[in-house]
Amino acid sequence: MAEFTWRCGCEAVEAHLPRQGNRIVCYCKSCREFVEQFDKAERLQAAGGSDLLQVEPQRVRISKGIEHLRWTRLTSKGPLRWYAGCCGTPMANTLSTRAVAFASFQVPDIVETAALPDVRARVHLKGALAHVDPPHGSISPLVFSLLRNSVKAWIDGGWRRHPFFDAAGNPVGPREDPAPATG
């Protein structure tokens with residue numbers, strides 16, 4: 001099966017993602033701040049949207065640079081925000097546990113942009129910096145997909161094969177809160 005390739009800016013970290021997933025644009029303040037803290041606001045879509053591809057984490061393979069993975073958390077209960085510590089490229093969001101089949105990768109660093117699916121939904125529109133023209137899509141299929149993938153992962157044991165967590169369920173990289181962007 002064909003895969004998408006995600007690469008950080010300096011190409012020291014590379015991951016291979018399944019071609020099946022949900023593409024969304026998230027306008028929440030947290031997603032925007034995650035990208036901005038690396039001084040990479042140009043990666044955001046109009047109105048401050050973060051372009052993401054949600055995939056089943058058990059189908060993701062990190063082929064190089066796992067030693068460069070770092071994570072941060074912008075709020076005490078928010079998602080883990082993964083990035084390449086080598087060059088400060090925002091990578092992905094996960095929950096704080098591998099038990100839920102959820103990983104959303106930053107689309108700007110996916111190599112095969114022409115093969116990406118269309119955006120299925122624009123979410124957290126109240127956080128947008130400007131008006132977002134319809135269509136916005138529906139979050140319902142995304143929630144259903146997350147639930148279906150999580151149940152499937154629990155049944156077949158796939159939840160244990162999460163690329164961002166080790167066999168004991170601990171994050172594979174250290175928490176490192178990046179310095180705030182100066183620009």
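Which residues make a nonpolar surface patch of about 270 Å²? I looked this up and found Ile139, Val143 and Leu147; patch residues have over 30% relative accessible area and no salt bridge, with nonpolar side chains (Val, Leu, Ile, Met, Phe, Trp, Tyr) joined within 5 Å and like charges within 9 Å. A salt bridge here is a side-chain nitrogen of Lys or Arg within 4 Å of a carboxyl oxygen of Asp or Glu, and accessible areas come from the Shrake-Rupley method with a 1.4 Å probe, where for residues only the protein chains shown count as cover.

I note that this is a predicted model, in which local features need pLDDT of at least 70 and side-chain atom pairs count only at pLDDT 80 or more, whereas totals for chains, interfaces and linings use all residues. Residues are numbered from 1 along each chain as its sequence is written, and side-chain values use heavy atoms, without hydrogens and water.

I then located isoleucine 139 in the loop between β10 (119-123) and α2 (140-156); helices (H or I, at least four residues) and strands (E, at least two) are DSSP runs, numbered from the N terminus. Isoleucine 139 is partly exposed, with a relative accessible area of 47%, as buried means under 20%, exposed over 50%, and partly exposed in between.

Next I turned to β2, where 5 of the 5 residues are buried, so this strand is largely enclosed by the rest of the structure. I saw that Glu14, His16 and Pro18 point one way from β2, while Ala15 and Leu17 point the other way.

Finally, I checked its pairing (at least two DSSP bridges between two strands): β1 and β2 pair in the antiparallel sense over 5 bridges, and leucine 17 in β2 is the bridge partner of phenylalanine 4.

How values were computed:
Buried < 20%, exposed > 50% of the residue type's maximum accessible area, 1.4 Å probe, protein only.
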